[in-house]
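Subject: Structure handover and what was found in it

Dear colleague,

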Amino acid sequence: MDRSSADRRGLATREVGMVHSVRGFSGTVRGFSGTVRARVLILACVAALVPLTNVRAADDAKDLLKTMSDFMAKQQKFSFSYQSTIEVVTPDFQKLQFVSSGTATVDRPDKLRVTRKGGFADIDVVFDGATFSVLGKNLNDYAQIEAKGTIDELTERLADAGVEAPGADLLSANIFDGLIDGVTDAKHIAGAVVNGVDCEYLAFRKPDVDWEIWIADGDRPVPLRYVITSKHVSQAPQYMFELSDFKSGDEVESADFRFSPGSAKKVDLSALVSIDELPSQTAEDAQ
């Protein structure tokens, strides 16, 4: 492949979608007091002074990532909840965050159900091994495409068609290869706690982006938090994907991978607009 697997799939290409303007958000935020500005300045100074002398062992970052990948690859059936946050920068350099939440249920190799609800879309995605279906609940429209194959093959087809699938890397049967391709530097920064769960904080660098991942300690090394930073664009916007309530095997509630559009109208996939995490005009402006 000319491009890395990570770049072909969802999250690692997400930085492309973070570099754009938001129309209609050019106003000034009131109440941004001098005290707040002072605190921001102090935090910025502290951040600049952190020497990272406590970096545990740069050499084991890839090993920890591989351990997580191997664990996830062994999970035949799993589910989790998630929250995703995408940042955009307005023409007058105001940074905004758009937050969505959802759930995912996976039954390898070819069953998938994902929901996502945010301020601009409420969607239900089902893949049954033969057909990929997307229901826009907020639109009462749905679209389907024939896509016989595995989840990995579906992800590749969507990426080739220009359809971003945030979080798709973490559903892959080989997370490690997808993430590590193109990495120029890897560090195991420190221990951390995400949503009350002890974990390891790892940081990686690529030519265009930096990305970080927090992996749970213990015998269930699942990814808890994943952040990508576009480091060569103004204000370094980020995309964050945070997982919670991970279940596997018999813990997973019985999932129905049959698609039920109800009264929704069938449309072409290209006509199924307003299903992104961003306002539709903003999505169109994405570079």
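Predicted model: local features only at pLDDT ≥ 70, side-chain atom pairs only at ≥ 80, totals over all residues.

Residues are numbered from 1 along each chain as its sequence is written, and side-chain values use heavy atoms, with hydrogens and water left out.

The chain as a whole

The secondary structure of the protein chain comes to seven helices and 12 strands, where helices (H or I, at least four residues) and strands (E, at least two) are DSSP runs, numbered from the N terminus. The protein chain has 287 residues, and buried residues make up 45% of them; here buried means under 20% relative accessible area, exposed means over 50%, and partly exposed lies in between, with a 1.4 Å probe and protein chains only. If contact is taken as heavy atoms within 4.5 Å, then residues 24 or more positions apart account for 59% of the contacts in the protein chain with a separation of 6 or more.

Charged pairs

Side chains of opposite charge can pair when their charged atoms come close. A search of the whole structure finds 10 salt bridges, each being a side-chain nitrogen of Lys or Arg within 4 Å of a carboxyl oxygen of Asp or Glu. In one of them, Arg-113 is joined to Asp-124, with the closest N and O atoms 2.8 Å apart. Because Arg-113 lies in strand β3 (residues 111-118) and Asp-124 in strand β4 (residues 122-127), the pair ties together parts that are 11 residues apart in sequence, and both Arg-113 and Asp-124 are buried.

Another salt bridge runs between Glu-87 and Lys-95, whose closest N and O atoms are 3.5 Å apart; Glu-87 is buried, with a relative accessible area of 7%, whereas Lys-95 is partly exposed at 33%. Arg-258 and Asp-256 also form a salt bridge, with 3.0 Å between the closest N and O atoms, and here Arg-258 is exposed, with a relative accessible area of 62%, while Asp-256 counts as partly exposed at 35%.

Helix α4

Helix α4 (residues 61-74) has 14 residues, and at 1.5 Å a residue it should span 20 Å, which agrees with the 20 Å between its end C-alpha atoms; the expected span is 1.5 Å times one less than the number of residues. Within α4, the residues Ala-61, Leu-65, Met-68, Ser-69, Phe-71 and Met-72 are buried. Seen down the axis of α4, its buried residues fall within an arc of 160°, so they line one face of the helix, the arc being that of the directions from the helix axis to the C-beta atoms.

Aromatic rings

Rings of Phe, Tyr and Trp (its six-membered ring) pair if their centres lie within 6.5 Å, and planes under 30 degrees apart count as stacked, over 60 as edge-to-face and the rest as tilted. By this rule the count comes to nine aromatic pairs. One of them, formed by Tyr-142 and Phe-259, is tilted, at 5.5 Å centre to centre and 50° between the planes. This pair links distant parts of the chain, 117 residues apart, with Tyr-142 in strand β6 (residues 141-146) and Phe-259 in the loop between β11 (238-248) and β12 (265-266). Tyr-142 is buried, with a relative accessible area of 12%, and Phe-259 counts as buried at 18%.

Phe-204 and Trp-211, by contrast, form a stacked pair, with 4.2 Å centre to centre and 10° between the planes, and both Phe-204 and Trp-211 are buried. Phe-71, Phe-78, Phe-80 and Phe-246 form one aromatic cluster.

Two single residues

Thr-229 has its place in strand β10 (residues 223-230) and counts as buried at 11% relative accessibility. Leaving aside neighbours within four places in sequence, Thr-229 is in contact with several residues, including Asp-208, Asp-210 and Pro-237. Ala-168 is found in the loop between α5 (151-160) and α6 (175-180), and Ala-168 counts as buried at 7% relative accessibility.
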